[in-house]
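Hi,

Here is the structure I promised to pass on.

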Amino acid sequence: MSFQPVKFYQTGTFTVGNRLLPDGERSVQSTVRRHNSLNSGHRACQGCGEALGARYAIDAAMEVTGGQLIAANATGCLEVFSTPYPETSWQVPWIHSLFGNTAAVATGIAAALRVKGREDVRVVAQGGDGGTTDIGFGCLSGMFERNDDVLYICYDNGAYMNTGVQRSSATPPAARTATTAAVGSTPGNTFGQGKDLPAIAMAHGIPYVATATVSELRDLEAKVRRAMEFRGARYLHILVPCPLGWGHDSSLTIRMARLAHESGIFPVFEAENGEVTGVAKIRRQVPVEEYLKPQKRYAHLFSPRPNEDVIRRIQAQADRNIRRYRLLQDS
Amino acid sequence: MLKQIEGSHAVAEAVALCRPEVICAYPISPQTHIVEGLGEMVKAGELSPCEFINVESEFAAMSVAIGASAAGARAYTATASQGLLFMTEAVFNAAGMGLPIVMTVANRAIGAPINIWNDHTDSMSQRDCGWIQLFAETNQEALDLHIQAFRLAEELSLPVMVCMDGFILTHAYERVDMPTQEQVDAFLPPFEPRQVLDPQDPVSMGAMVGPEAFTEVRYLAHVKQMQALDLIPGWAEEFRKAFGRDSGGLMHQYRMEDADTVVVALGSVLGTIKDTVDGLREKGHRIGVLGITCFRPWPTSALRAALERARKVSVVEKAFGVGLGGIVSANVRTSYSGSLDDVFTVIAGLGGRPITRESLARAFTEVEQGTSAPLVFLDLNRAAVDRALARERESRRSGPIAEALLRDVGLVTAQLR
């Protein structure tokens with residue numbers, strides 16, 4: 001099955017529908033070329049950002065490579081919901097080995113393809129933020145450092161959602177998780193911790209690093225396409241809201257991703273060889289409260305009374321991102 | 001071709017003759033010379049096509065091998081000791097997925113206390129991981145076993161671990177007969193994977209399996225290992241015809257014909273044991289040696305037959321199950337028809353302690369005479385142990401165990417006799 005009729009597709013605010021665009025600018029998701037790499041029928045939750053992100057990204061990679069793609073997958077939600085034995089949603093050759101070794105498995109696949117003279121077949125590795133920023137970090141850094149020919153995609157939902165929403169090193173400050181409870185004098189996750197993995201990836205000097213969200217489909221697809229133009233290690237960090245872990249309505253997944261960008265919480269940019277080459281500007285900056293309020297993981301910041309101090313600190317972080325990446329239109 | 005070379009380089013050359021396509025390397029003594037040798041061959045273009053990847057950990061080494069093997073390449077790595085433990089999760093994973101990776105384990109002790117010298121604690125810790133485990137007695141057998149290992153692994157789609165004693169074999173310069181490329185090519189067919197990641201025929205590998213099928217998948221792993229028990233003797237015979245020497249097989253028997261007492265062991269210590277047995281034979285002892293080459297799968301039937309006449313069995317082991325005793329002994333007892341009380345355990349050579357003929361002869365004689373304890377730690381410094389226990393009784397904060405013991409015995413190296 002490679003074609004699903006799409007009657008109308010709205011890519012987001014301020015943009016026109018796909019039908020009105022020239023063919024070359026249309027999203028892979030609404031063309032007959034769409035591969036459905038991650039087929040329907042999987043067991044992801046309603047409104048799962050990771051399922052969306054994975055389908056967008058892998059379909060785009062399939063489009064670029066003409067279907068010559070192999071995927072390695074870390075343990076996690078994506079692995080579990082996509083391959084409940086004896087079924088699989090994957091329409092690409094796909095391997096899951098362990099939680100912490102996905103980048104290395106991908107390195108092995110790439111090495112096998114090179115030794116067999118099949119460098120037309122490209123390799124994608126993918127995992128959640130736990131599998132990427134925590135347990136898989138050693139293998140990921142090794143893959144970056146060797147500049148192995150792998151595109152690594154991190155679907156960041158800011159916690160270990162598969163095991164029941166525990167804190168990872170990608171969990172934002174003040175967020176409530178099962179291991180950073182909203183109790184005590186400093187409820188939620190601690191300030192001053194966590195890893196900025198896109199920056200760490202850039203520090204490896206790899207050819208291409210980018211961030212994206214599931215709210216800007218064309219931007220995400222364009223970054224996958226750009227990533228596949230390079231050989232060597234590439235890193236794509238996609239923010240994927242999780243209704244279960246974030247505690248927002250499952251209809252708000254796209255909106256939450258957009259608000260993360262427009263508040264400055266999640267800077268969307270791309271970098272080549274360690275230098276930022278482009279940023280997705282914020283069209284209408286929103287205060288962080290707009291992003292925080294719909295999420296139950298931040299409920300303790302607003303009830304029983306607003307925690308102005310913590311909200312201010314989160315706003316300061318967003319402002320810093322905006323300054324650092326020049327995210328506003330006139331900056 | 002006869003060569004006088006280091007054991008590690010002999011293995012490196014043998015592995016190269018097997019035409020590996022992806023080699024993952026991470027340094028750990030005493031394995032390092034093997035991958036250094038292979039790295040040089042790849043760099044020089046002598047081993048081609050082959051990808052040599054310097055990884056950042058043993059966990060990555062096995063993981064890269066998993067990816068390479070799943071994508072259809074013949075994959076190899078080598079490790080030892082802490083490295084084997086560090087990759088343990090991936091070691092189990094490779095076996096569970098049925099990926100025919102070959103790995104050399106240059107056997108070394110496990111810390112703490114940290115110790116770089118030889119024993120079998122590393123391999124024994126992985127005995128139930130699903131890999132086939134072959135133990136080499138000599139450098140010649142080590143290199144021969146690698147050639148057989150690739151064929152065995154790929155035929156059964158199971159990973160194979162070739163275990164060789166660290167330093168004692170890996171760093172010993174010995175004469176070996178290195179086969180030709182033609183000989184190896186004739187014995188080892190090209191790798192035809194049972195499963196492969198291929199865009200033309202996309203499959204999902206490593207899917208989650210629940211209770212409805214998990215037992216069956218695990219049982220199939222067991223069935224495959226049982227198949228190895230049938231294949232190995234025939235291939236050892238085929239190897240003998242093609243290469244002109246006995247190497248591999250399930251086990252080697254030495255002076256067993258009328259033996260009342262049989263010594264069972266694995267690895268290079270068999271040389272010392274044979275010398276000891278020769279000495280005892282000269283004095284009229286009816287004693288023989290059974291060297292186990294194939295430890296996993298465990299050759300139950302062959303062992304039972306070999307031990308049929310034995311009245312007493314002495315198992316010499318370079319590792320032990322803390323809180324239990326002999327690991328190999330526990331396996332031997334499953335395959336011995338006589339009284340289980342007649343299987344004795346001699347723990348020897350831990351952390352590289354020399355195993356001498358004198359001590360072995362004493363231990364074997366005690367077994368023959370019925371005066372041996374069921375579990376003996378060869379050449380144990382009992383007085384030093386007693387003093388350590390006394391210190392713990394006398395003082396709550398008795399301090400780090402290993403450091404106090406070293407201070408007590410006043411030595412930093414094993415006592416040679």
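Before the notes, some wording: I call a residue buried if 20 or more other C-beta atoms lie within 10 Å of its own, exposed if 12 or fewer, and partly exposed in between, with the C-beta atoms placed from the backbone. Helices (H or I, at least four residues) and strands (E, at least two) are DSSP runs, numbered from the N terminus. This is a predicted model, in which local features need pLDDT of at least 70 and side-chain atom pairs count only at pLDDT 80 or more, while totals for chains, interfaces and linings use all residues. Residues are numbered from 1 along each chain as its sequence is written, and chains are lettered from A and ligands numbered from 1 in the order in which they are written.

Let's start with strand S4 of chain A, residues 151-156, where six of the six residues are buried. Both of its faces are covered: Leu151(A), Ile153(A) and Tyr155(A) are buried on one side, and Tyr152(A), Cys154(A) and Asp156(A) on the other.

Now the neighbours (two strands pair if DSSP finds at least two bridges between them). S4(A) runs parallel to strand S3 (residues 122-128) of chain A, with five bridges joining them; Tyr152(A) is the bridge partner of Ala125(A) there. S4(A) also pairs with strand S6 (residues 234-239) of chain A, again in the parallel sense, over six bridges, and here Leu151(A) has Arg234(A) as its partner.

For an antiparallel pair, see strands S5 (residues 208-213) and S7 (residues 269-272) of chain A, joined by three bridges, with Ala210(A) opposite Glu270(A).

Where does chain B come in? Strand S2 (residues 94-96) of chain A and S9(B) run parallel and are joined by two bridges, and Trp94(A) stands opposite Ser204(B).

As for the contact between the chains (residues count if their C-beta atoms, placed from the backbone, lie within 7 Å), 37 residues come from chain B and 37 residues from chain A. On the chain B side, strand S3 (51-54), helix H3 (58-70), helix H5 (88-97) and strand S9 (204-205) each supply at least two residues. H3(B) gives the largest share, nine residues.

Cheers

Definitions and conventions: Two residues are in contact if their C-beta atoms, placed from the backbone, lie within 7 Å.
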